[in-house]
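Let's look together at how charged side chains pair up in a protein. Have the sequence and the 3D view ready as you read.

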Amino acid sequence: MYGHVWLALGVAAQVAWTGRFVREVEGLPWLVAAAALGTFAAYGAMRWARAREVGSADLPHLAWVAAHQRVLVPLWVSAVLAALGCLWPFRHATLLWGGAIAAVAGLYVLPLRTRWGSAPGLRRIPLLKALLIAGAAALTTVALPMQLAPDAPAASDVLLYVCMRIPFFLAIAIAFDVRDVTLDPPELHTFPQVIGAPGARVLAVLLALLADGFDHVFLRNLGYAEAAWTVLVGHAVTVLLVAFASPRRGPLYFGVLLDGMLAFVPLCGWLGTL
């Protein structure tokens, strides 16, 4: 359960990062809370969907979800309702991108194989699992905050900022796929399943370096000269973590350190503004 909470805090930090460096966002604390609650619920829904697949009982974390679903499902539903409550005052501004995020999350949690047979889902498309995760994360942490800005930008500008953030999230998602390469069903066709774990690590490193460059140039252009350099510390740690991702790494490596980069990178940038 700590992984759900840690990931939710990381997404909240990413939303706060957008509000600080991208646009002055009205109602930012409410949006940060909604992002944390929504992430907590979405991650739980993903685990719940995986726990209903054939063979899930062999994986301890999924077996734990299945055993405690009578408590967990109401908890996740409550988190969704609380997130919607936080967004209610801004429902008109967040409807478009919030709907897009919900659609992406829904397409991800569709089961591949249930106890009652096969079920269609976009996760069957090769390489799409990590792309869906990265896309949902970027929409949540970039598109939603920008829609709450007093001078809400055009959709094309929002998509541009979203595309700048996708490499960071995609690098982390691919690293997690490397961890799960021996556990994921072959139908997922994840990056390490398709191009091998070494190739996936190389791709994740390149994406992390690209995200590094984006943030550095972006912050310099905004006039945050010191933050443009301090943020590189967070990205450098991210590059190292994705470079050494392996199924042999334990929960501390992935569940604490790698997920922690979602908060550590914004923290490094923020320290450069002090």
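The side chains of Asp215 and Arg165 form a salt bridge, with 3.2 Å from N to O. A salt bridge here means a side-chain nitrogen of Lys or Arg within 4 Å of a carboxyl oxygen of Asp or Glu. Asp215 sits in helix H9 (residues 197-221) and Arg165 in helix H7, so this pair ties together parts that lie 50 residues apart in sequence. Helices are DSSP runs of H or I with at least four residues, numbered from the N terminus.

Both Asp215 and Arg165 are buried. Buried means under 20% relative accessible area, exposed means over 50%, and partly exposed is in between (1.4 Å probe, protein chains only).

## About the model

This is a predicted model, in which local features need pLDDT of at least 70 and side-chain atom pairs count only at pLDDT 80 or more, while totals for chains, interfaces and linings use all residues. Residues are numbered from 1 along each chain as its sequence is written, and side-chain values use heavy atoms, leaving out hydrogens and water.

## The other pairs

How many salt bridges does the rule give? The count is three. One of them joins Lys129 and Asp177, at 3.0 Å from N to O. Lys129 belongs to helix H6 (residues 128-147) and Asp177 to helix H7 (residues 155-179), 48 residues apart. Lys129 is buried at 5% relative accessible area, and Asp177 is buried at 3%.

Asp180 and Arg179 also meet in a salt bridge, at 2.8 Å from N to O. Asp180 counts as buried at 12% relative accessibility, whereas Arg179 is partly exposed at 25%.

Notes:
Helix = DSSP H or I, 4+ residues; strand = E, 2+ residues; numbered from the N terminus.
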